[in-house]
Amino acid sequence: MLIDSHCHLDRLKAAPDHQSLQQIISDAKARDVDYFLCVNVRQQGFISMRDRMAEFDQVFLSAGVHPLDVQEGLDTTELNVFVKEPKVVAIGETGLDYFYANETKALQQQCFEQQIELAVQVNKPLIIHTRDAREDTLNFLRNGHADKVGGVLHCFTENWEMAKAAIDLGFYISVSGIATFKNAGDLRTVMRKVPKDRLLVETDSPYLAPVPHRGKENQPAFVRDVAEFIAELRGESYEELAQYTTDNFFSLFTDAAKLAGR
């Protein structure tokens, strides 16, 4: 069994209605993918996402504001309500992105700090997006006592030093289809080093389709391709990697484990 630990099912162009979304989930099931974490990026989009996923017990949710969407601000009172929804198992995705939006740096930091504080208050792990902000990301996590709840650095593209620092804070490292790209040699070196008990796999669909699906809309079924690639890279069997990344997911997202009856 596999889990797509980070996807945006509500943003898939191939899933505009319930029937096609059901097909996407069925296609993933056919490739050994049993559970999905559908990640919120805009506070204003949470209700719509929640309602679309309501019929799918195998889909867990997060609630939060992406650093590239902070222009809309953060309503902490409303977000505090959202994070207590039954299927919400994590806060995020949140974090810092100085590569695409350095001009909103101060607002990103404010929203990041607020979401770390909220995660600690409600005792739910964080889903972290970070790009060109290694030092600040780690400092905010340390200063906000994020080690109390842990979380995951999703779609990881940074260096081993950052991965190790995050792991030391109790965080997991999630690998996406980027690792299969031709120019991802440095990332593959990092992925060989991540301990088994700290690794997750994801698609980040509909973005970043892995080889051999480049040019297509990414979807959760393709997490199988990521898992097989990483298993071979690490000298492990697919079955072994599938087992321990599934165990890791439920160890981190304990509310998801309860919902799944584990």
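User: Is Cys155 buried or exposed?

Analyst: In this predicted model, Cys155 is buried, because its relative accessible area is 12% and the limit for buried is under 20%.

User: What about Cys111, buried or exposed?

Analyst: Cys111 counts as buried, with a relative accessibility of 1%.

User: How many disulfides are there in the whole structure?

Analyst: A search of the whole structure finds zero disulfides. Cys155, for its part, is in no disulfide, and the nearest cysteine sulfur belongs to Cys7, 13 Å away.

User: Changing topic: how much space lies in the largest pocket?

Analyst: The largest pocket holds about 520 Å³ of space. It is lined by 21 residues, and those closest to its centre are His66, Tyr100, His129, Asp204 and Leu208.

User: Which strand gives the largest share of that lining?

Analyst: Strand β5 does, with three residues. Both β4, residues 88-97, and β5, residues 126-131, supply at least two residues of the lining.

User: And how does the lining of the largest pocket divide by class?

Analyst: The lining of the largest pocket has eight charged, seven nonpolar and six polar residues.

User: What lines the second largest pocket?

Analyst: The lining of the second largest pocket consists of Arg134, Thr157, Glu158, Asn159, Ile178, Phe181, Asn183, Ala184, Asp186, Leu187 and Val190. About 200 Å³ of space lies in this pocket.

User: Which residues line the largest cavity?

Analyst: The largest cavity is lined by Ser5, His6, Ile127, Val152, His154, Ser174, Leu200, Glu202 and Phe253. Four residues of this lining are nonpolar, four are polar and one is charged.

User: On to helix α7. Which of its residues are buried?

Analyst: Helix α7 covers residues 160-168, and its buried residues are Met162, Ala163, Ala165, Ala166 and Ile167.

User: What covers the buried residues of α7?

Analyst: The covering elements include the strands β5, β6 (151-153) and β7 (171-175), together with the helices α6 (134-143) and α8.

User: Which residue with a positive phi follows α7?

Analyst: Gly170 follows α7, and its phi is positive, near 90°.

User: Where do Asp168 and Lys164 stand, exposed or partly exposed?

Analyst: Asp168 is exposed, with a relative accessible area of 55%, whereas Lys164 is partly exposed, at 38%.

User: How many salt bridges are there in the whole structure?

Analyst: A search of the whole structure finds eleven salt bridges. In general, side chains of opposite charge can pair when their charged atoms come close.

User: Which residues are linked in a network of salt bridges?

Analyst: Arg50, Asp51 and Glu85 are linked in such a network. Within it, the side chains of Arg50 and Glu85 meet at 2.8 Å, N to O. Arg50 lies in helix α2 (residues 46-53) and Glu85 in the loop between α3 (76-82) and β4, so this pair ties together parts that are 35 residues apart in sequence. Arg50 itself counts as partly exposed, at 24% relative accessibility.

User: And what is Lys124 paired with?

Analyst: Lys124 forms a salt bridge with Asp255, and their closest N and O atoms are 3.9 Å apart. This pair links distant parts of the chain, 131 residues apart: Lys124 is in the loop between α5 (105-122) and β5, and Asp255 is in helix α11, residues 254-259.

User: Of that pair, which is buried and which is partly exposed?

Analyst: Lys124 counts as buried, with 8% relative accessibility, while Asp255 is partly exposed, with a relative accessible area of 24%.

Terms used:
Residues numbered from 1 in each chain as written. Predicted model: local features only at pLDDT ≥ 70, side-chain atom pairs only at ≥ 80, totals over all residues. Heavy atoms only, no water. 1 Å grid on protein atoms, 1.4 Å probe; cavity = no way out; pocket = protein on both sides within 12 Å on 5 of 7 lines; lining within 4 Å. Points joined across faces, edges and corners; volume = space filled by probe spheres on them. Helix = DSSP H or I, 4+ residues; strand = E, 2+ residues; numbered from the N terminus. Nonpolar A, V, L, I, M, F, W, Y, C, P; charged D, E, K, R; others polar. Buried < 20%, exposed > 50% of the residue type's maximum accessible area, 1.4 Å probe, protein only. Contact = heavy atoms within 4.5 Å. Disulfide = S-S within 2.5 Å. Salt bridge = Lys/Arg side-chain N within 4 Å of Asp/Glu carboxyl O.
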